[in-house]
Each structure stands twice: as structure tokens, then as C-alpha cells.
Amino acid sequence: MREDLKTRLLEGEDLFLKGAYPQALQTFEAVLEEDPSNPYALNDAGLAYAELGQLDRAVECFERALQIDPGHENAFFNLIDQLLRYNQFDLAVETFLRYQEAIPDSEQKRKYEKDLARAARKQWEATLNANPGIYLGEPTEPGAQVLKIAFVCGPHTRFIFDIEERLARRHHVRAYHFPSRIDLAKIQEALDWADVVWFEWCDQILVEASRRLNKTAAVVCRLHRYEVFTPWPRQVNWAFVDRLIFVAPHMQRLFWQYFPGAASQVESTVIFNGVDLDRFTFRERGPGFNLAFVGYINPRKNPVLLLQCLHRLVQKDKRYRLFVAGVHQDPCFEVYWNHMIQTLGLQDHVVMEGWVNDIDAWLEDKNFLISTSVHEGCPYNVLEAAACGIKPVVHHFHGAEKLFPETWLFRNVEEFVNIVQSPDYDSRAYRNWIIDHFDQTDQIDAIDRLIASIKPVSVSLSGRSSDSAALHERDGWIDPSTWQAYLKGEKFDNGLQLVIAHPDAPLVYRQELLKDLVKGQAILDVGCADHAPLIEQKLQQGRWLHAELARVARRCVGLDVDEEAIAVAQRLGYPIYRHNVLTDPVPDEVKAEHWDYMVLGEVLEHIDNPVAFLQQIHEKYRGLVDRLILTVPNALKWLNQQAARQHLEIINSDHRFWFTPYTLSKVVCEAGFEVERFCFAQGPGSLDGRTIDLLQRYPALRDHIVLIAAF
């Protein structure tokens, strides 16, 4: 640049600093008349235009400067500043993405990147909250199975944004957020559109939806913490929900304890909260004197203990300070809080910072994260601080030992002081704990596997759920017709190898599969009565199979030999006849109808001679019943293999046999039936993500064999 032009630019910049913007602009424009491609003059002119309120001209100048010199840092930062100043957020993001590669890495650049990411998230959240049902765009990383997923939640939406955004990369996602008024019609819209509808929180929204709407999609609910201490889970129609997710094992146990009836009706699993590690800046730290508390101040957060801990620490060393990122929720505790700070002489040791949006930046100078809560689910404040390399000091609330290392936990004030004043401090270990246990990528993968494992809900022409979809088309069923020569004894092979499962078959559950099979059908349920003392309890919990089958079948009659159990069932309104299929004639009431299925659910393994038993059934009921449904425990199941490694067998002491697909088919065939198909199904009980993945990949490890044979 010519020296005279450089001098004139300096004169213009001096005018600019004095606030003489029109005169400064005239100077910069004079330089540009002689040197139109001068990026410095263009940048300075852009600043002057911005101060004069001419945003379009300012943006034009900054853009021209960057086109001439893409690495011009001042023009880059000034352009983004002005776009944000006038709420041109989209253009600011576009500018950053377009030119950022040419701009050298610096603290300022990283700050702008974080600011834009935070502003993007804030704008995105506002957009989702303002538009229930908004579609998040075509998947950019679609997998083998792309589903339609709708998220439904009320005003507390912080915990779901990341999951929605990450799953939208793999699936078609719509977000139905209701920050104020709930619209059940929109939720029905979500159910009608989606393959899976996710309800965030087990709250009144789920209660109303489960009782008033048509279940036209599979339903997932995630329960965080507080819902367990409300009556809402008791009011949910759990037949509406396919999977219940807990954020921590102790929350699952509390749910089972407080709501045993609900727990027996819905499959549940634990998927821990996940931290987006890219959003939290790791830094090696060490023991220091800055303590952080993040969250609302209310009785559950235990501010009484917090102040007592701080007081004892300050008695040891007056350099300690507690910085609070949060606000009071309870006026009574606010009065107490202020009073005790004065009484304990902590005025110079407690810094109230109000609600903080950028926690990552706020934590930059902190050494410890303090949590004194009496109860938590899977607390983000602890996870995020540890991700930054800050040492967490956590009150030993119920379940804390299942989440965090023992070295993070304290039971009393003395233990708190010892942890804080200990020289043991390992930032990398704290970060690694989060990577190993609470990485958001692992959380999303677990959610993706769970969603993929849920059977779809087919919809009839009426628009209502029709779970009796054509099951013969569902993956997982095996046709053993090629085995017939071996089953009938026409061929022999001492090392016969048979395909008994297809990998990655959908994970199905025994009770739900049986209900699918018999829905709308006329069925005979043999050996159905259960133990008399357990019938009413299982009925209340939704675990008595006969009642569940009777609920969906067109006609359901039971046959059993236990007179006491039959009396209990009949008193409860279930038609069960005393009938020994080996010795008694077919009851007239049974003869009077034609039956689609006879169900033998977990019966055959109790019988001394299963072939003779089935032969009697075949002879007496052939012509009255079309097909037999058999379920038995699977000899190959994963639990048996685990037990065998410990030199154990785990078995019901009344069982006579273990069955595999071939041995069961052999018994059924020798009794005169024609085996049509079989599959493996899972029993009740919660599964973690790894077990779900294992059972999907290797169906033969599931708990039960379900076999269908024609009379």
C-alpha cells in the first residue's frame, strides 16, 4: 500500500475513534477511489457504515474485503459481529462456515465458534418450541433401517434437544414441543405419522395420551427422576407404552418398588444420560479454592448441607469461595440461605451469579463441582463438570454409587473437607470417566438400538392399531420344512447342522408375541390356571398370561387340572374348565365350537412323557382346533450359557426337560402334528443396551422357543 494512502487510512481511523463517523467514511471512500481493492479500507468503511446504521453497505464492504483477502481476520470478525448485532443469525453462521478455514486458529476464533453454536442452539430450541410437529430435515447419515420418530414433551425440553438432533441424522424426526398448552390433536397427529413416538417425561401428557388417543405407533417413554415421586405412573395406561427408559439403575428400582403393577406391564431398560464432549472444554487442572454449584436452590438440592460444608472448609482455609450458578426456587430457603450466610460469616465466600447460560465458559476457573442433593437421577451438572476436567464432590445420595467413583462421594462434612483438601486430583481421569460411562454417542447408539428393536404397530383401515399383522411375514420365524425327513426318522445324521435363527431378527417378547398371534381368534388355553395364590397378584400386575390372552382373543376358554386355581379364576370371571387332556373326554362346551388355536404356554417341560401327552391332544382335538402354539424354555438361552461358565444350572425344579428347536420339533412331529414355524422370544425383565444388541444379533440366545404346528 502506498504511504500516502496508509496515512489517510490512519487519519480516517482516528476520526472513527472520535465518533466522527461521516467524516471517517469520507476518508475511507477517498482511499477506495484510488485503490478499490484495498481490504483495509474496505474493512474500515464497513465499520463506519455499520455505525451509521447502513447494515447492507457495511456487509457489502466486509464481504468485498474477504473476497480479496479471505484471511482478513478483522473483516471476518467484524462481519460476524454486525450480522449478530442485527439478528442476522443465519448469515453470521454462513459467513463463519464460508471463511473460517482461511482464518488462523485463535482464542477469538474459538470464542466466535462457540458463540455461534450456542446462538444456533438457542434459535433452534425457540423454533422447535414455537412449531409443534416441525420436521427436522432429511437424514444425513441414514442407516440400514430408517424410521419415522416423533418426540413429544411439555415445557421442560432441555434434555431432549441433543437426542432429537442426533437421531435426525439417522431417521426422519418431528418434534412436538408444548411449552404451554398441550394439544392432544397434535399428539394424535404424531402417533398417526410416526413409527415410534417418544414421550419425554412420564407425566400428565403421557397419562392423557395413553387414555384418550389411538395407539397407531409404537411408544417409548423416558422417565428422569421426579415422576417416580408423583401419582402419574399409576394413572398411565401402560398397554399404550412399548418401552420405558430410565436414566439410572436406582430410578428403575424405585419405579419397581413404588409401581409394581406398572412395572410388570411394560418392558424397561436403563440408558444413561449422555454428554456432548465437544461442547465442554477439557483443561488439566489441580486443587484450588474455587467451588462451583450449578442448579436451582431448593430443598432437594440440600442447601443446608452445602453451607455447612463450606463453613467447615473456610474454617480450614479462608481462600475458598463458592460460586453459585442458579437461582432460588423456595422463598423459605432463600430466607434461610441469606440468614445462614450472615450467621456463619460467609459473606465473602459465597458469590451468587444467577442463571448462567454458558456453563462451559463459567466453569473455566473452577476447581471443584459440589453437589449436595438428597436425590438425583443422572445429574448433568456433575457430568458436564467432570467432562471439563473438574473434580466432582458429590453427596452420597441414593444410587450415587452406581453412577460415580467412590472417590467422588462424601457422606458427611468431614469427608467433604477431606476430598476437597486432598492432593489427589486427576483431570484426565474425570474426563475419561465421562467418556467411558456417559458419552453422548453411546447414549444415542443405545437409543437407536432400542427403537429399532420395537415391533412396528400396523394400522387397519379404521386408523386404529392392529397388532394382528401378518406375522408370517415378520423376520425371525424359521420354517423347518427341510427337516421333515429327519423329524420323521426317514434320515439320520449323527452331526446334523441346522439353521435355527437369522441374525439381527427383531427382538420380540413372548407375551406380546402370543397376544399378537391370538388377537381376534378363538383359543383354548391349556394348563393356564397358574398357582392359586399367585393368580390375583399376577392379574393386578398384568403378568397372568391367560388374562392377557383373554383380553385380546375373540373367545378364550381355559383347561386345567388345578381345582383350587380354577375356582379362583372362575370367581374372577374367567371360564376355565377342570379337564385332564390325557384322561378326560373333551368337554361339550369345547366341542360346540371350532377353535383357531390351542395354546400350551410353558407346559410341556413339566410333563413326564411329552410325546404321549401331545398324542392325546392330537387325537382328541383334531378337527376341533386348527393349530397348536407351544412355548417352552430355550435350552440355548444366554442365561444358561452364563450359568454353565460358573458350573451351574438354573432351572425350575418341576421341569423334566430342556428343549432346543430340533428336539421340540421332533417331539411335536412324533405326536402327529405338522411343524410349520418357530422363533425365539424374550421373557419379561429389563435389558441393558448390550444385552439387547446381543439378543438381536443372536436370536437363539433368547429365553423361549415359540412353535406353531398344524393338527
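Me: How many aromatic pairs does a search of the whole structure find?
Reply: It finds 26 aromatic pairs. The rule is that rings of Phe, Tyr and Trp (its six-membered ring) pair if their centres lie within 6.5 Å; planes under 30 degrees apart count as stacked, over 60 as edge-to-face and the rest as tilted. Take F678 and F680: their ring centres are 6.2 Å apart and the planes stand at 90°, so this pair is edge-to-face. Before we go on, this is a predicted model: local features need pLDDT of at least 70, side-chain atom pairs count only at pLDDT 80 or more, and totals for chains, interfaces and linings use all residues. Residues are numbered from 1 along each chain as its sequence is written, and side-chain values use heavy atoms, with hydrogens and water left out.

Me: Are F678 and F680 buried or exposed?
Reply: Here buried means under 20% relative accessible area, exposed over 50%, and partly exposed in between (1.4 Å probe, protein chains only). F678 comes out at 0%, so it is buried. F680 has 2% and is buried too.

Me: Which residues form one aromatic cluster?
Reply: Look for F272, F368, F404, W408, Y425, Y430, W433 and F438, which form one cluster.

Me: Where does a charge sit over a ring?
Reply: The test is that NZ of Lys or CZ of Arg is within 6 Å of the ring centre and within 35 degrees of the ring normal. K366 puts its charged end over the ring of W362, 4.1 Å from the centre. K215 lies over the face of F240, at 5.8 Å from the ring centre.

Me: OK, salt bridges next. How many does the structure hold?
Reply: A salt bridge is a side-chain nitrogen of Lys or Arg within 4 Å of a carboxyl oxygen of Asp or Glu. The structure holds 33 of them. In one of them, the side chains of R2 and E34 meet at 2.8 Å, N to O. R2 lies in the segment before helix 1 (3-17) and E34 in helix 2 (residues 21-34), so the pair ties together parts that are 32 residues apart in sequence. Helices (H or I, at least four residues) and strands (E, at least two) are DSSP runs, numbered from the N terminus. R2 is partly exposed at 42% relative accessibility, and E34 is partly exposed at 44%.

Me: Now the strands. Which strands does strand 9 pair with?
Reply: Two strands pair if DSSP finds at least two bridges between them. Strand 8 (residues 290-294) runs parallel to strand 9, joined by five bridges, and N290 stands opposite R321 in strand 9. Strand 9 also pairs with strand 10 (residues 350-352) in the parallel sense, over three bridges. There, F323 stands opposite V351 in strand 10. The chain gets from strand 9 to strand 10 through helix 15 (residues 331-343), in a right-handed β-α-β crossover. Right-handed means that, with the strands pointing away from the viewer, the path from the first strand over the helix to the second runs clockwise.

Me: How many of the residues in strand 9 are buried?
Reply: Strand 9 (residues 321-325) is mostly covered, with four of its five residues buried.
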